[in-house]
Amino acid sequence: MKKYRLFLIFTLIFTITLSSIAFTGCGTKEQKITKINFVEVVRSIFYAPYYVAVNKGFFKEEGLELKITTAQGSDKAATAVVSGQADIGLQGPETTVYVYNEGKEDYLINFAQCTRKDGSFLVGKHPEPNFKWESLKGKKIIGGRPGGMPEMTLEYVLKEHGIDPKKDVNLVTNLQFTATAGAFMRSDADYVALFEPTASLVEKEKGGYVVASIGAAGHDVPYTTFNARKSYIEKHPDIIQHFTNAIYKGMLYIKLHPSKQVAEDIKSFFPDADVDLIATVIDRYKSINAWGTTPQMKASDFDALQKVIINAGELKKMVDSNILIDNRFSDKAINTIKK
């Protein structure tokens with residue numbers, strides 16, 4: 001009898017110990033996290049889907065952690081990706097055209113779209129509720145860097161309204177991206193093209209007034225895209241897929257939530273802007289449908305972008321857009337992630 005009791009006690013202890021080990025193992029098992037060196041062209045509310053994906057944990061859900069750097073220019077962002085300093089970049093896809101035309105074998109491929117319109121706004125010295133593009137003739141306008149999409153889109157819109165950027169306006173294009181707002185407020189310039197939240201910050205300080213959306217006046221194009229080297233995509237398709245999944249989740253979140261909520265979600269990326277200002281910017285972008293509902297790209301939209309570049313004299317002939325677009329990851333994200 002005594003031996004039987006000892007056997008029961010031993011069996012009970014063994015069972016408890018085994019269960020404890022199993023339970024502990026389940027509790028401490030952690031998801032493998034892959035760290036990604038990521039470069040963004042600038043810090044702007046225009047890229048809200050990706051900031052949402054970071055702060056709402058969508059990248060973490062996909063097993064990714066981003067180490068973010070801000071390049072302050074599409075050319076600098078592209079250089080970081082081409083050189084391998086960054087694994088993935090967010091910048092204007094015109095850079096992928098330039099890199100491809102340089103004859104690089106390991107060129108950049110766009111695998112997901114973030115924005116579908118120009119995200120800059122024309123800011124003037126006075127409110128103009130009845131603004132007309134034709135009224136810009138003879139005015140001094142601070143634009144962007146020659147060869148960059150903001151400047152090329154601005155010039156394209158001017159031409160579509162019968163204004164020759166070289167003859168009919170005094171277009172300033174020799175300033176650093178971060179210096180244009182200050183230069184506008186301190187100079188005799190009549191207008192400046194600014195991204196958000198800078199445009200709204202200038203307006204809040206009564207240094208200028210948003211009079212028009214350059215994106216609304218232009219055409220749908222893959223204005224800002226996520227891209228990586230061809231070799232990186234071939235070597236790490238799983239990472240690219242998880243990255244695209246997170247971006248798509250961010251797009252869906254913005255679509256399904258009010259601007260004020262989204263503003264609160266991304267506030268940490270814009271410590272100098274209050275929530276109401278961020279919400280105003282998000283409302284502006286929603287009103288012009290700046291963000292697509294999917295990260296997919298259209299070759300026809302990429303063709304339209306190349307026409308803008310040709311119009312600016314920065315490109316002699318078009319590249320086959322399909323070479324620089326890879327929609328496999330976006331397609332899969334859309335088919336597998338519940339809306």
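How many helices and strands does the secondary structure of the protein chain come to? It comes to 15 helices and ten strands. Both are DSSP runs numbered from the N terminus: helices are H or I with at least four residues, strands are E with at least two.

This is a predicted model, in which local features need pLDDT of at least 70 and side-chain atom pairs count only at pLDDT 80 or more, while totals for chains, interfaces and linings use all residues. Residues are numbered from 1 along each chain as its sequence is written, and side-chain values use heavy atoms, with hydrogens and water left out.

**Whole chain**

Start with everything shown. The C-alpha trace spans about 110 × 45 × 30 Å along its principal axes. Of the 339 residues, 51% are buried. Buried means under 20% relative accessible area, exposed over 50%, and partly exposed in between, with a 1.4 Å probe and protein chains only. Now think about contacts, meaning heavy atoms within 4.5 Å. Among contacts with a separation of 6 or more, 80% are between residues 24 or more positions apart.

**Stop 1: helix α13**

Select residues 275–287. This is α13, with 13 residues. Its first and last C-alpha atoms are 18 Å apart, close to the 18 Å expected at 1.5 Å a residue. The expected span is 1.5 Å times one less than the number of residues.

One of its side-chain oxygens comes to within 3.2 Å of the backbone nitrogen of Asp276, at the start of α13. After the helix, find Asn289, whose phi is positive, near 55°.

Now colour the buried residues of α13: Val275, Leu277, Ile278, Ala279, Val281, Ile282, Arg284 and Tyr285. What covers them? The cover includes β5 (121–124), α8 (198–204), β9 (209–213) and α12 (259–266).

**Stop 2: Ser120**

Move to the loop between β4 (108–115) and β5, where Ser120 sits. Is Ser120 buried or exposed? Ser120 is buried, because its relative accessible area is 1%. Its side chain makes a polar contact of 2.3 Å with that of Asp118. A polar contact is a pair of N or O atoms within 3.5 Å; within protein, one must be able to donate a hydrogen and the other to accept it, and residues adjacent in sequence count only if both atoms are side-chain atoms. Beyond four places in sequence, Ser120 contacts Leu194, Phe195, Ser213, Ile214 and Gly215.

**Stop 3: helix α11**

Select residues 237–256, then pick Ala246 in this helix. Ala246 is buried, with a relative accessible area of 0%. Leaving out residues up to four places away, Ala246 touches Ala53, Phe58, Phe59 and Glu62.

Stay in α11 and pick Gln241. Gln241 is buried as well, at 11% relative accessible area. Asp331 is 90 residues from Gln241 in sequence, and their C-alpha atoms are 9.9 Å apart. Beyond four places in sequence, Gln241 contacts Arg328, Phe329, Lys332 and Ala333.

**Stop 4: two crossing helices**

Select α6 (residues 149–160) and α14 (residues 299–311). Their axes come within 9 Å and cross at roughly 80°. The two helices are therefore roughly perpendicular. Axes are lines fitted to C-alpha atoms, for helices over the stretch in contact, and angles run from 0 to 180 degrees between N-to-C directions. Roughly perpendicular covers 65 to 115 degrees; under 35 is roughly parallel, over 145 roughly antiparallel, and the rest oblique.

Finish with the side chains. From α6, Met149, Met152, Thr153, Tyr156 and Lys159 meet Leu305, Val308, Ile309 and Asn311 of α14.
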